[in-house]
Amino acid sequence: MSRSDSSVKRRLRSSRSGLAVIAVVALLLGTTSVLNAATSPTSAAAANQDGSSIKANDVTSLPVSFEVENVNRSKVACASDGATYTVRGHIVGPTKELRRKTVNGATLYLHGLSFGEFFWDFAQAQNYNFATSQAKAGQVSVVIDRLGYGSSDKPEGNSICVGSRADIAHQIVLDLRAGSYEVTPSGQTPEFSRVVLAGHSYGGQIAQVAAYSFGDIDGLVVIGYADRVQSQLLRDNSAYAATVCASGGLRVGGAGPAGYAPFGPPEGAAAALFNSAEPAVQSAALQLLTIDPCGDTASFASAVAVDLVNVPSIEVPVLIIAGGRDALFPVPAGPDQASLYTGAQSVDQVTLPTFGHAVTLEYAYAPSALRPLNDWLQKVLRR
């Protein structure tokens, strides 16, 4: 990246006595649509089906599903229904890697409020597909619609919360390690020896709770989230969602499960999410935004207090990525969040100067823009 568009990177290394960093996850954005997408977004690339020679940069996208229990064994107390559901998404990576039975490493990405798998697998504009760009850089990405979104099952909106979200992430991590998931159509399920957990906004908070509650990951990435530095706009959007939820919430698709709400007024979504995104990208993304389970927005604030107590216990390497123009978690959100991880093996913090909240959709986004992420993953997953 050029100096003007390059990330401003600050590396914080912790000694055993502890100066390190915290990463928590994320409470996300505004929304415009009140309909959850009925199907998952177009995948990054189809698998090589004919067994012909594979080029070094060939990309495969495997449609996958995970059977999960909506239980909460995390350190954040909140209610869930305990039922069994299916979470769907894709594993996107280099074709040569995904043809192996055992793969060295993968990163499970969790989207924030109002988004879905499309945040990582955006097919509506050229050069904005994060998962494909990562695959071309040699990384394997697991991108999913979290429970209640897109192609995944949708429970009643008050029956899920940040604690059960973290438990579900933990279950998927174990499934990835064991190859205990489904590939559609029926196919080999690679096992991953190392798994990094990454989350954007509210997805970042979920990842953080999973990290200190279960301790079964090899690294943690928190993008666009901070526990202590939050804007008035974020608080206003939270209040808007709470008001809708207090009246019973909305139904998915108008007739589906109840207990959902937009995170903020739809007309304010663009200002909350973007800084330099191209108009066409903004328009396409805003049409895909959706409503969120009320249990998520209701459990966020109480989880922050638990985060502040438990984040210092996270020991794995941590990477925190912040947008320099994030309207929800403004500067100095990144460095402040990093300062919380006092028990981590290492902490890296990156600020992307021109980026708003929706980092994968900003105008400046390109494979080189998140090069620090690739360098960090290479180090953590290949060691």
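Reader: What makes β2 and strand β3 (residues 84–94) a pair?

Author: β2 and β3 pair in the antiparallel sense over eleven bridges. Two strands pair if DSSP finds at least two bridges between them, so β2 and β3 qualify. Strands here are DSSP runs of E with at least two residues, and helices are runs of H or I with at least four, both numbered from the N terminus. One of the bridges joins P63 to H90 in β3. This is a predicted model: local features need pLDDT of at least 70, side-chain atom pairs count only at pLDDT 80 or more, and totals for chains, interfaces and linings use all residues. Residues are numbered from 1 along each chain as its sequence is written, and side-chain values use heavy atoms, leaving out hydrogens and water.

Reader: How do you know that C78 and C161 form a disulfide?

Author: Their sulfur atoms lie 2.0 Å apart. A disulfide is a pair of cysteine sulfur atoms within 2.5 Å, so C78 and C161 count as one. C78 sits in the loop between β2 and β3, C161 in the loop between β5 (141–145) and α3 (162–178), 83 residues apart.

Reader: Why is C78 called partly exposed?

Author: Its relative accessibility is 22%. Buried means under 20% relative accessible area, exposed over 50%, partly exposed in between (1.4 Å probe, protein chains only). C78 therefore counts as partly exposed.

Reader: Why is C245 called buried?

Author: C245 has a relative accessible area of 19%, so C245 falls under the cut-off for buried.

Reader: Why is the disulfide of C245 and C294 called left-handed?

Author: The torsion about its S-S bond is about -90 degrees, so the disulfide is left-handed.
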